[in-house]
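Welcome! Here is a short tour of aromatic rings and the nonpolar core around them.

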Amino acid sequence: MTPRLDCGSVEHRLITMRRSIGQLDALGPVDLARLESDPATGLVVERILALLVDLAFAINRHVSVAVLGEAPQSIAASFSAAAQAGMIDAELAIALAPTDGPHNVLMQLCLDAEPEEVAAVVSAALSAYREYVRQVARWTAARALEG
(Lines give C-alpha, C1' and ligand atoms only; values in the text may rest on other atoms or scores of the structure.)
Protein backbone atom coordinates (compact mmCIF):
# COMPACT_ATOMS: atom_id res chain seq x y z
CA MET A 1 0.00 0.00 0.00
CA THR A 2 1.38 3.38 -1.06
CA PRO A 3 1.45 6.03 1.70
CA ARG A 4 -0.82 9.03 1.26
CA LEU A 5 0.58 12.41 0.38
CA ASP A 6 0.90 14.47 3.56
CA CYS A 7 0.67 18.08 2.37
CA GLY A 8 0.97 19.35 5.95
CA SER A 9 4.32 17.65 6.39
CA VAL A 10 5.56 19.14 3.13
CA GLU A 11 4.36 22.60 4.14
CA HIS A 12 6.15 22.40 7.51
CA ARG A 13 9.40 21.62 5.72
CA LEU A 14 8.78 24.50 3.32
CA ILE A 15 8.38 26.84 6.30
CA THR A 16 11.82 25.81 7.55
CA MET A 17 13.23 26.22 4.04
CA ARG A 18 11.79 29.75 3.76
CA ARG A 19 13.34 30.69 7.10
CA SER A 20 16.69 29.24 6.07
CA ILE A 21 16.63 31.13 2.77
CA GLY A 22 15.81 34.29 4.73
CA GLN A 23 18.77 33.68 7.01
CA LEU A 24 21.09 33.35 4.02
CA ASP A 25 19.67 36.54 2.52
CA ALA A 26 20.20 38.35 5.84
CA LEU A 27 23.89 37.41 5.84
CA GLY A 28 24.46 39.58 2.78
CA PRO A 29 27.22 38.95 0.26
CA VAL A 30 29.39 35.94 0.94
CA ASP A 31 32.38 37.01 -1.10
CA LEU A 32 36.10 36.43 -0.65
CA ALA A 33 36.56 39.56 1.50
CA ARG A 34 33.74 38.48 3.83
CA LEU A 35 35.12 34.95 4.14
CA GLU A 36 38.62 36.25 4.91
CA SER A 37 37.40 38.70 7.57
CA ASP A 38 34.88 36.27 9.09
CA PRO A 39 35.75 32.62 8.35
CA ALA A 40 32.82 31.35 10.45
CA THR A 41 30.45 32.77 7.83
CA GLY A 42 31.49 30.01 5.43
CA LEU A 43 30.60 27.36 7.99
CA VAL A 44 27.21 28.93 8.70
CA VAL A 45 26.37 29.17 4.99
CA GLU A 46 27.49 25.59 4.36
CA ARG A 47 25.30 24.36 7.21
CA ILE A 48 22.24 26.25 5.95
CA LEU A 49 22.78 24.86 2.44
CA ALA A 50 23.07 21.36 3.92
CA LEU A 51 19.79 21.88 5.77
CA LEU A 52 18.09 23.04 2.57
CA VAL A 53 19.23 19.99 0.63
CA ASP A 54 18.21 17.66 3.49
CA LEU A 55 14.73 19.19 3.64
CA ALA A 56 14.32 19.05 -0.13
CA PHE A 57 15.45 15.41 -0.16
CA ALA A 58 12.88 14.57 2.53
CA ILE A 59 10.11 16.33 0.57
CA ASN A 60 11.16 14.73 -2.70
CA ARG A 61 11.28 11.23 -1.19
CA HIS A 62 7.89 11.63 0.46
CA VAL A 63 6.27 12.87 -2.75
CA SER A 64 8.01 10.23 -4.84
CA VAL A 65 6.76 7.43 -2.60
CA ALA A 66 3.22 8.84 -2.45
CA VAL A 67 2.90 9.72 -6.15
CA LEU A 68 5.28 7.37 -7.98
CA GLY A 69 5.40 4.49 -5.52
CA GLU A 70 9.19 4.53 -5.29
CA ALA A 71 11.78 6.02 -2.94
CA PRO A 72 14.81 7.60 -4.64
CA GLN A 73 18.07 6.65 -2.97
CA SER A 74 20.16 9.72 -3.77
CA ILE A 75 19.68 13.47 -3.66
CA ALA A 76 20.08 13.79 -7.43
CA ALA A 77 17.59 10.98 -8.05
CA SER A 78 15.12 12.63 -5.67
CA PHE A 79 15.10 15.87 -7.71
CA SER A 80 14.57 13.84 -10.88
CA ALA A 81 11.70 12.00 -9.18
CA ALA A 82 10.21 15.32 -8.02
CA ALA A 83 10.18 16.47 -11.64
CA GLN A 84 8.73 13.15 -12.79
CA ALA A 85 5.94 13.54 -10.21
CA GLY A 86 5.22 17.01 -11.62
CA MET A 87 6.13 18.82 -8.41
CA ILE A 88 8.99 20.82 -9.96
CA ASP A 89 10.06 21.40 -13.53
CA ALA A 90 12.94 19.49 -15.12
CA GLU A 91 15.12 22.60 -15.46
CA LEU A 92 14.89 23.24 -11.72
CA ALA A 93 15.63 19.59 -10.95
CA ILE A 94 18.87 19.94 -12.91
CA ALA A 95 19.77 23.22 -11.17
CA LEU A 96 19.25 21.63 -7.75
CA ALA A 97 21.32 18.54 -8.51
CA PRO A 98 24.59 19.83 -9.98
CA THR A 99 26.75 17.09 -11.47
CA ASP A 100 29.56 17.96 -9.03
CA GLY A 101 27.30 17.40 -6.00
CA PRO A 102 24.89 19.35 -3.81
CA HIS A 103 25.45 23.07 -3.30
CA ASN A 104 26.72 22.59 0.26
CA VAL A 105 29.39 20.19 -1.00
CA LEU A 106 30.32 22.55 -3.85
CA MET A 107 30.60 25.37 -1.38
CA GLN A 108 32.85 23.34 0.93
CA LEU A 109 35.09 22.47 -2.01
CA CYS A 110 35.24 26.14 -2.99
CA LEU A 111 36.10 27.18 0.57
CA ASP A 112 39.04 24.79 0.43
CA ALA A 113 40.29 25.45 -3.09
CA GLU A 114 38.56 28.41 -4.77
CA PRO A 115 37.06 30.76 -2.16
CA GLU A 116 36.44 33.38 -4.83
CA GLU A 117 33.78 31.04 -6.30
CA VAL A 118 31.73 30.77 -3.08
CA ALA A 119 29.55 33.80 -3.87
CA ALA A 120 28.46 32.26 -7.20
CA VAL A 121 27.63 28.90 -5.56
CA VAL A 122 25.59 30.60 -2.82
CA SER A 123 23.78 32.82 -5.32
CA ALA A 124 22.89 29.83 -7.54
CA ALA A 125 21.69 27.84 -4.53
CA LEU A 126 19.55 30.68 -3.20
CA SER A 127 17.94 31.24 -6.56
CA ALA A 128 17.24 27.54 -7.08
CA TYR A 129 15.87 26.93 -3.58
CA ARG A 130 13.64 30.01 -3.74
CA GLU A 131 12.17 28.63 -6.96
CA TYR A 132 11.91 25.14 -5.44
CA VAL A 133 9.89 26.47 -2.51
CA ARG A 134 7.63 28.40 -4.89
CA GLN A 135 7.00 25.42 -7.18
CA VAL A 136 6.49 22.92 -4.36
CA ALA A 137 4.12 25.26 -2.49
CA ARG A 138 2.05 25.77 -5.65
CA TRP A 139 1.98 22.00 -6.37
CA THR A 140 1.08 21.13 -2.77
CA ALA A 141 -1.69 23.77 -2.65
CA ALA A 142 -3.21 22.28 -5.80
CA ARG A 143 -3.14 18.79 -4.23
CA ALA A 144 -4.72 20.05 -1.02
CA LEU A 145 -7.61 21.52 -3.03
CA GLU A 146 -8.12 18.19 -4.79
CA GLY A 147 -8.19 16.17 -1.60
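A nonpolar core is a set of buried Ala, Val, Leu, Ile, Met, Phe, Trp, Tyr and Cys residues joined through side-chain atoms within 4.5 Å; buried means under 20% relative accessible area, with a 1.4 Å probe and protein chains only. The model here is predicted: local features need pLDDT of at least 70, side-chain atom pairs count only at pLDDT 80 or more, and totals for chains, interfaces and linings use all residues. Residues are numbered from 1 along each chain as its sequence is written, and side-chain values use heavy atoms, leaving out hydrogens and water.

The largest nonpolar core has 39 residues, and among those with the most contacts inside it are Ile 88, Tyr 129 and Tyr 132. Helix α7 gives the most to this core, 12 residues; helices are DSSP runs (H or I, at least four residues) numbered from the N terminus.

Now to the rings. The whole structure holds 2 aromatic pairs, meaning rings of Phe, Tyr and Trp (its six-membered ring) whose centres lie within 6.5 Å; planes over 60 degrees apart count as edge-to-face.

| Pair | Centre to centre | Between planes | Type |
|---|---|---|---|
| Phe 79 and Tyr 132 | 6.0 Å | 80° | edge-to-face |
| Tyr 129 and Tyr 132 | 6.4 Å | 70° | edge-to-face |

Phe 79 lies in helix α4 (residues 75–84) and Tyr 132 in helix α7 (residues 118–146), so their pair ties together parts 53 residues apart in sequence. Tyr 129 and Tyr 132 are 3 residues apart in helix α7, about one helical turn. Phe 79, Tyr 129 and Tyr 132 form one aromatic cluster. Both Phe 79 and Tyr 132 are buried, and Tyr 129 is buried too.

Key
Rings of Phe, Tyr and Trp (its six-membered ring) pair if their centres lie within 6.5 Å; planes under 30 degrees apart count as stacked, over 60 as edge-to-face and the rest as tilted. Helices (H or I, at least four residues) and strands (E, at least two) are DSSP runs, numbered from the N terminus. Buried means under 20% relative accessible area, exposed over 50%, partly exposed in between (1.4 Å probe, protein chains only).
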